[in-house]
Amino acid sequence: MLGRTRRSGLLSNRILVGQRAPESPEMRIALFVPCYIDQLKPAIGLAALDVLETFGFEVDFPEAQTCCGQAFLTAGETRAADRLFDRYLDVFDDFDQIVALSGSCAATIRRHLPSRRASSRAEGVAGRTLEFSEFLVENGVATRNLGRFPHRVGLHSNCHALRELRLGTASEIREPERMDPARRLLSSIRELQLVDLTRPDECCGFGGIFSIEEEAVSCRMGLDRLADHRLANAEVITSTDVSCLFQLAGLADKAGFEFRAMHLAELLAESLANVIRESSREFDPSSRDVGASQEGMDRTDGSR
Amino acid sequence: MTDARTEIFRRLEAARPPASARPAQWSAPPMPIDEMATLRDRLSDAGGSLQIAQREDWTERIVWPVPVSGIAHVYSSVAGVSNKGVGISALTDHDLECLDLCVLSADFAVVENGAVWHRPKSPRERAAALLATHLMIVVDAAELVPTLHHAYSRIGSEAASFGWFLCGPSKTADIEQALVLGAHGPCTMSLILLRD
Amino acid sequence: MGHVDRAREFVADADRTGWHDRALWFVRTKRDRAADLVPDWEALRERASEIKRFALGQLPELWCEFEENAIRAGAVVHWARDGHEHNEIIARLLQERRIERVVKSKSMLTEECGLNPHLEACGIEVVDTDLGERIVQLRNESPSHIVMPAIHLRRGEIGELFAEKMGSPPGLDDPTELTAIARRDLRDRFLRAQAGLTGINFAVAETGGFVVVTNEGNADLGTALPKLHIASVGLEKIIPRQADLAVFLRLLARSATGQAITAYTSHFRGPRPPSPDPQELHIVVVDNGRSHLLGRPAFREALACIRCGACLNTCPVYRRSGGHSYGATVPGPIGSVLETSRDPATHAELPHACSLCGSCSDVCPVRIPLHHQLLAFRGELARAGHQRRSRRAALGLIGWLFARPSGYRWLGRSGRFLARRLPTARLNALVSPWTRQRALPEIPEASFRELYARRRAAENDR
């Protein structure tokens, strides 16, 4: 049984942020919510829904979904992973696009599912699974008004998004640079200062069960990442993967470092909410005078 | 009981992967525009130095790693630099241990990495190049190739028993990554390009 | 004690770990700068991978061609099924000639075979002449890196070592001074050596010759003077043609140390002409698990390895745990594939000493998909029974539950219910590997799907 969303949530007013309808309204889009977002960080799922709806995407949440199988695959439990892959195929087969709220889950589906469950159906569904920021950029969202987020932000590059999905160019590779969609989106947000890190794509040390089994090395890796962000005076650390954020936020909290760890969806939602709040103050629905704030927001590059 | 060779070939045959195509011809990148600067930089990275001089009077013009007149032992296979001391009198290659300077000529230099291709005329020459404190190599300035691909085209699959690429002096960074020149072999290496 | 415990010990010294990590990262950045200057870098990697793939499909033919050409050039070719046979062949060659003093340049293969202890037991002195190898030899330990054997040591420690073992003044720590001390000692060894042992970086089928690369020139000093040169080579180190060397040599030094080329790239073919005595050249070709790896489609690409060490330098785990924590001759990502293939029971932990970041695969000059191989190994090892039964059972149960929406929801709900009601200390203790240095995320009251269902219900009511 599939769930369908209606226009709801904080960012539902399309007019306020000057959006236009997506190119292909018949596209059936499903949201894949990773198990740890579902169970531990539901706010990220809601934020992602809000952002997608704000930009005019009608998104389904098929309730029969459970887990992409990544943790089992990386633990070497391939049978368990295969069963979850099969379930994923059954649940998402019908959809034109599947938006996954995690770079590592999207990578597991795109890279590993087709090699383990080889079939044209598997290739099809896997190929239609996109990571959240990837989906947004491919559907033209980067050129729209992405709101305002006046903070110093460190982007933690998720290894699987980078090296499996090739969303961006890894620092090891010598090729013309392909911009990472998360970076692209962040660069388009007004007043957001994206900081430079000394090691732009070193691993945070989560790695699934690795974080538990090799706890000492895992934590040292994460603490080194945090030191890099501190050196750059980041106030916020963002990523397209919540597991990286669990690692970094977990270490930061215990060590007493002050960071906000935000999934990209949460950051975007807050950024958009900032401009909506402002425009609500000034926006008079009865007036024909559009007003400066409204004009500013209609510019597609989001600048004033 | 099978011998090792037979057994190994049997194992290799049993484990043979599917055949894959022999890779096609490779087109190597061209000579960089600033070939001399590139050569100088790469050689300098390797701890060596480059000098360019006229063939007619190079021995008087170049900066020597050590004043030739002041040293006792020189091995040279280059016209214009004479052998001295053990360079003349060595009975065995081991006698070259106290060699101060070795001067050789090499076939060509490789611009992308600063190396020269050298075929020692004799085992003695190879030993001299390794045991001398200072090594100097002379190459015709017209004999530059862009990359190793071009180098191997020139070298072919020749029958010589020994040849080497030499780039800079002997060195090591095995102690805390600190570069030290003169690990076991020469402490300095000078490349002299001769123009007509 | 496996990688987990040794790594924990290593990491406990936070300063030293930082120093080790930065030293190796520095080498990684040098590799990056060198690759910047090669316009066709990625094409070169692909090309190298193709040549190796072709060669691995032709090993019997290539080795026949090599052997024929090598013999024609005057070399003697020996074959060793395993490390022990390799050691016996070399010991016999030395003993037949009454040789007692041998110098050896760096060869990970001879480390793998345990050659030095074998020869020493036969009364033959073996001196490792690569400075890093000499240092670890004097300390009676194994190399911690395949290219920089003593990267784990600080200069002061080396100064102490030389004072103890070579009688140099105590308290020295200047690398130039220390190198000069080693130079004097090793010069003497080179001049008195009766045989030189080397590895082989590339064996060339077309010529029957081979290439040995060093920065120090120790492979050359070790073979230019003595009358016997013995070169050890693994079955996987053969390339078809001389021209192929260009591809690998353009990649090797840049990947290893960030140099465009090593100081010495020596091409041997047959023994040295008499000077004045004739020289012998013996080549020992070694299997020791390589043909076995060749027969494993998921892992055979690892045989393409040219031993550059780039994967070690970039690996965030290696940098923070050090080579000795792997308990294997070759550590790091490539070691975790090769060693686990050779001896899965001993090294079952190694493929898990990895966060699967994939950086290793991206720096590998021959494009071995290292992190995918490590992942594949995890499945193999679990199936072969090298994984703890309790862990397998637990994951199996959770996996079974997760495959059913109702099971998944139940597990999630009960987990959150318990977690919210347990006293913090109890909860932290329960999941203690996580909570030792990390806070737990706040456990929400409702899952996303529950909140989503409520939202939908609220919309429907409107």
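Before the sheet, one term: two strands pair here if DSSP finds at least two bridges between them. And keep in mind that this is a predicted model.

Now one pair within chain C. Strand β6, residues 209-214, and strand β9, residues 264-268, run antiparallel and are joined by 5 bridges. As one example, Val211(C) has His267(C) in β9(C) as its bridge partner.

Next, the chains. There are 2 pairs of chains in contact, and chains B and C share the most contacts. Chain A and chain B do not touch, and their nearest C-alpha atoms are 16 Å apart.

That leaves chain A against chain C. The contact draws 56 residues from chain A and 58 residues from chain C. On the chain A side, the helices that each supply at least two residues include α1 (35-40), α2 (42-54), α4 (78-92) and α12 (242-255). Which helix gives the most? That is α11(A), with 6 residues. By class, the side of chain A that touches chain C has 25 nonpolar, 19 charged and 12 polar residues.

That is what I have for today.

Definitions and conventions. Residues numbered from 1 in each chain as written. Chains lettered and ligands numbered in written order. Predicted model: local features only at pLDDT ≥ 70, side-chain atom pairs only at ≥ 80, totals over all residues. Contact = placed C-beta atoms within 7 Å. Helix = DSSP H or I, 4+ residues; strand = E, 2+ residues; numbered from the N terminus. Nonpolar A, V, L, I, M, F, W, Y, C, P; charged D, E, K, R; others polar.
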